[in-house]
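Take a moment with the sequence and the 3D structure before reading on. The paragraphs below start with a single residue and then widen the view.

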Amino acid sequence: MSPAVDIWSKVQDILRKDLTETAISTWFDDCSAVEFKGSRLILHTPSNYIKETIEERFLGTIRSALNELFSTDDFEVIILDNEGLKAMNEATDEPDYLGTDEYTFEQFVVGNSNKFAHAAALAVADGKRAYNPLFIHGESGLGKTHLLCAIRHAVERKFPHYNVISVKGEDFTNELITAIRQGKNIEFREKYRGADFFLIDDIQFIAGRIGTQEEFFHTFNTLRELGKQIVFASDRPPGEMPALEDRLRNRFESGLIADIEPPDDALRVAIIKNKAVQLGVVLPDDVISYIADNLNSNVRQLEGAVKMIIAYRDLMNDEITVESVKTRLKDMFKGERDLIPTVDDIIEETAKCFDLTLEDLKGKNRSANMVLARHIAMYLIRKLTNLSLQDTGKQFIGQHHTTVRSAVRKVEKNMKEDKDLENKIRDLTSNINSKK
């Protein structure tokens, strides 16, 4: 059974709660599923009269059923008659928009950890130049590249006359080197300085490369002076790139900086459901909860888990249950647990290292020794686990995400200046990892 047929069968089961069997057979017996892709369900009926009746009376009901299945209300339902189906089948197979229909704003799952970055990206894509440059940062696999691609999709649809250029930091560097060798510096500059929208992913790769930074500095200035939009994505904020020139760091920080944190429980569940929808599958709630509880590092890993489960179902006729998921994803779960110590282990070992009680470390005492220990515990939680700044702060009484961010930066700075502190934290890290 194809995903579209499977989904349509489940939709009809839900429709039976509100419609009689006579209504179901009259209007839907000759209605078949053609395609289920992304958030769009395409149906076909040979009768133009039935097509018009479904469109007038039942589209909202069908969307409600899809919403009940997938906990989202963004579905589009299209009804085709014979002519419409023929036209669809005869249409040339054009490549998906920009090579993929996944990396759009519609397919980006928004939660507490990424809603600010998502809102900023939407504003930029709408042409609001107040956020220029926009600097999005976060760890690998959290959705930075997705947002950059979504901006490009949206801009090229809304402003087709714009020259939109997107590139990775490493590719920008390699292209510059090639241009210098071939004596094509002018062509290189004209290409990038002629952009209306300049999107650059993994900008951290240009740090420490003197020639690249020099060229990028002038490109940035030219685009900024012309009022062109610049968007960066990086695995760290500008202030945490020690090899980045100060003049570039200052410019990167002159616009809007938006960070993306690891997904919380609610967002992980939403991501798993969304990916299953894209693949045309309804996962049982207990399976979704099990995956969300056991995989919490990044979006890419969650999506990979869903793809693997569905592949086993399709290729091995594997039933999707919690037990089968435990078996099929055991290596993924094992790796996750092996790599990530618990917060309790980190706090316990830090307290022991500084000869403190757990209550002292988590409390509000502001003595120098306790503040240092508390900051180190925050730093290690952020370094060794996937907890967000906000959730890290909740481990300590009266601490907020801004305090955690400041503590992490302070510890990193002090480690560079104090070898004894660096060694102490290294030993502490080793003790924590040995408990896993």
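This is a predicted model: local features need pLDDT of at least 70, side-chain atom pairs count only at pLDDT 80 or more; totals for chains, interfaces and linings use all residues.

**A walk through the model**

Asp 355 is exposed, with 72% relative accessible area, because exposed means a value over 50%. Asp 355 sits in the loop between helix 17 (343-353) and helix 18 (358-362). Its backbone also deserves a look: the phi of Asp 355 is near 55°, a positive value in a residue other than glycine.

Most residues other than glycine have a negative phi, and most peptide bonds are trans. Against that background, where else is a positive phi found in a residue other than glycine? Asp 202 is such a case, with phi near 55°. Asp 202 belongs to the loop between strand 6 (197-201) and helix 10 (210-225). The peptide bond has its own exception to show. Asn 132 and Pro 133 are joined by a cis peptide bond, with omega about 0°. Pro 133 lies in the loop between helix 6 (115-125) and strand 4 (134-138).

Next come the charged side chains. Side chains of opposite charge can pair when their charged atoms come close. How many salt bridges are counted in this model? The count comes to 26 salt bridges. One of them pairs Arg 152 with Glu 156, and here the closest N and O atoms are 3.1 Å apart. Both Arg 152 and Glu 156 are part of helix 7 (residues 144-158), where they are four residues apart, about one turn of the helix. Glu 156 has 23% relative accessibility and counts as partly exposed, because partly exposed covers the values between buried, under 20%, and exposed, over 50%.

Lys 419 is exposed, its relative accessible area being 58%. Asp 314 and Arg 313 also form a salt bridge, at 2.8 Å from N to O. Arg 313 is partly exposed, with a relative accessible area of 23%. Salt bridges may also join into a network, as they do in linking Asp 13, Arg 16 and Glu 21.

From side chains, turn to whole helices. Two packed helices are described by the angle between their axes and the distance between the axes. Helix 12 (residues 265-278) and helix 13 (residues 285-294) pack at about 125°, and their axes are 9 Å apart. The crossing of helix 12 past helix 13 is right-handed. On the side of helix 12 the contact is made by Arg 268, Val 269, Ile 272 and Lys 273, and on the side of helix 13 by Asp 285, Ile 288, Ile 291 and Ala 292. Sorted by class, this contact has five nonpolar, no polar and three charged residues.

Finally, consider the chain as a whole. The protein chain has 22 helices and eight strands. Its C-alpha trace spans about 80 × 60 × 35 Å along the principal axes. Of the 436 residues in the protein chain, 46% are buried. Among contacts between residues at least 6 apart in sequence, 73% join residues at least 24 apart.

How values were computed:
Residues are numbered from 1 along each chain as its sequence is written. Side-chain values use heavy atoms; hydrogens and water are left out. Helices (H or I, at least four residues) and strands (E, at least two) are DSSP runs, numbered from the N terminus. Buried means under 20% relative accessible area, exposed over 50%, partly exposed in between (1.4 Å probe, protein chains only). A salt bridge is a side-chain nitrogen of Lys or Arg within 4 Å of a carboxyl oxygen of Asp or Glu. Axes are lines fitted to C-alpha atoms, for helices over the stretch in contact, and angles run from 0 to 180 degrees between N-to-C directions. A crossing is left-handed if the near helix is turned anticlockwise from the far one by less than a right angle, and right-handed if clockwise. Contact means heavy atoms within 4.5 Å. Ala, Val, Leu, Ile, Met, Phe, Trp, Tyr, Cys and Pro count as nonpolar, Asp, Glu, Lys and Arg as charged, and the others, Gly among them, as polar.
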